[in-house]
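Welcome to this short tour. Please keep the sequence and the model open beside you as you read.

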Amino acid sequence: MFGEMHHAWLNAFRRNLFGYACALCSDTASAEDLYQDAVLRAMSAHSVPDEPRRFRVWMFRLTRNLWIDLLRSRRHHDAWADEAAGVDCDDRVLTGGEEITVNRLAVRQAFLALSKPHRDVLALVDIGGFSYDETAELLDVPRGTVMSRISRARAALARELSDGQVVALPLNRGRA
Amino acid sequence: MSRAGGTGVRPDDEAMLNAYVDGELGADEAAALALRAAGEPALAARIAALHQMKAGVVMLQGEAPPLPPMAKLPPMPAPGSAPRRHRRGLMAAGALALVSAVAAAVAVLTLVLLERPASHQPDDLAVQPAAAPVVAFGTAASVIDPALVSHDAWVAAYRPGAASLDAPSWLEAPMQAAGLRLVHLEPGRAGALHHGFTGSNDCRLSLFETAITTTGPAEERALRLSLEPSLLRAEWRVQGRAYEMLARDMSRTRFIAIATALHDVSRERRVAGERLLAGLEASRLPCTA
């Protein structure tokens, strides 16, 4: 059963969890709904891990599963079908190692333009703070798959930031 | 294996670079990569870009709504037994009030993000909407940067030949390997401890260390690099401390090598390994001052 201990653990990483929900959903209202549903479902669950790391993984997996259910119910499951078939939704020629100065709004625009699998893996590692092994456990894939997805996801993010569709606002003073 | 892009980085190397940035490489592998980056400016730039990419995604976290209290909640209906809208109708009135409060908070957060000046800001998405002093520097209006002010003031006042000071043990070895010595140590602005380092070629590098005293759990922040022609900046948070490193006239490769090394050793305040130190020595390049 969900107890005070779980409540305290969840409170410690709720920012990461909400950030994960924001990364998965394209709008804030959906992210709020997803986050709230996940929290309430967790608090009503009969079987809850009683070890902090396992609880954290369980909480993120619960959130992810709710999101997948939502996508399937809305018939927006193309990205997942492609993922199952091994198709990389953002698979284009890698660009060179050009330096990119980013800012928050530009990154948000570019991030939302990524495929759902790429947003998912980046959100788990960068926002959720999970290790590659934990992410592999969450996604039920080998660690090597997580490594390659992270690499492709960041390459795709770099392309989105540099292809002119996303306007990189000046980060520092005096920069046009 | 085909080569990708102008860096000569192969696709399998690309995965390794990302693992390095995510702290997923073993100590020996990480040190070997740092050593290689010290001698390959394009590789160092690629690593810096990945650090920025990671830091950019980390910044997407927003202020999370508070958790509902540990009160007795109505049982969740069985999956598929009620429409999503009806399930929300079954929740306590407090949940609806929570959503309203969250919507209001998000509206404020969005407004602040849209109106935030296009200048460097501390990487803190627990947004502080209180107005900061705005000073025009002859170009776009910008916000006073306490660390940059302290760095520039120290550089302006510094005279060559200043006596070396005792650096903290975790800093001593990597900075010595980087060819820098501590010549300035005093409380800076905003509660930070200002370490000022200088090298034989008139390099000036500042490291600001601040204890994080927020009430919530101290959060780690990934290494974030800003490499403009006239200002090099690195920021990160680990182990309840915030670090900011600044230099104006240092080669990017050297700055990246030092930032990456300090980020690594600051995680556990451990003594830097031999390979890490070798990488720093290899990255010594004359400053451009």
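## Terms and ground rules

A crossing of two helices is called left-handed if the near helix is turned anticlockwise from the far one by less than a right angle, and right-handed if clockwise. Helices (H or I, at least four residues) and strands (E, at least two) are DSSP runs, numbered from the N terminus.

This is a predicted model, where local features need pLDDT of at least 70 and side-chain atom pairs count only at pLDDT 80 or more, while totals for chains, interfaces and linings use all residues. Residues are numbered from 1 along each chain as its sequence is written, chains are lettered from A and ligands numbered from 1 in the order in which they are written, and side-chain values use heavy atoms, with hydrogens and water left out.

## Chain A at a glance

Let's begin with chain A, which has 8 helices and 0 strands. Read from the N terminus, its elements run α-α-α-α-α-α-α-α. Of its 176 residues, 55% are buried (buried means under 20% relative accessible area, exposed over 50%, partly exposed in between, with a 1.4 Å probe and protein chains only).

Among the contacts in chain A with a separation of 6 or more, 70% are between residues 24 or more positions apart (a contact means heavy atoms within 4.5 Å). Chain A exposes about 7,400 Å², and carbon and sulfur atoms supply 51% of that area (areas come from the Shrake-Rupley method with a 1.4 Å probe; for residues, only the protein chains shown count as cover).

## Two helices that pack

Now look at helix α1 (residues 4-24) and helix α2 (residues 28-43) of chain A, which pack at an angle of about 145° with their axes 9 Å apart (axes are lines fitted to C-alpha atoms, for helices over the stretch in contact, and angles run from 0 to 180 degrees between N-to-C directions). The crossing of α1(A) past α2(A) is right-handed. Residues making the contact include A:Leu10, A:Leu17 and A:Phe18 of α1(A), along with A:Leu34, A:Tyr35 and A:Val39 of α2(A).

## Salt bridges

How many salt bridges are there over all chains? The count comes to 16, where a salt bridge is a side-chain nitrogen of Lys or Arg within 4 Å of a carboxyl oxygen of Asp or Glu. One of them joins A:Arg143 and A:Asp133, whose closest N and O atoms are 3.2 Å apart. A:Arg143 lies in helix α8 (residues 143-162) and A:Asp133 in helix α7 (residues 132-139) of chain A, so the pair ties together parts 10 residues apart in sequence. A:Arg143 is partly exposed at 29% relative accessible area, and A:Asp133 is partly exposed at 48%.

In chain B, B:Lys54 pairs with B:Asp22 in a salt bridge, with the closest N and O atoms 2.8 Å apart. This pair links distant parts of the chain, 32 residues apart: B:Lys54 is in helix α3 (residues 41-58), and B:Asp22 is in the loop between α1 (11-21) and α2 (27-39). Both B:Lys54 and B:Asp22 are buried.

## Two strand residues in chain B

Is B:Val238 buried or exposed? B:Val238 counts as buried because its relative accessibility is 1%, and its place is in strand β7 (residues 231-238) of chain B. B:Leu193, in strand β4 (residues 193-199) of chain B, counts as partly exposed at 33% relative accessibility.
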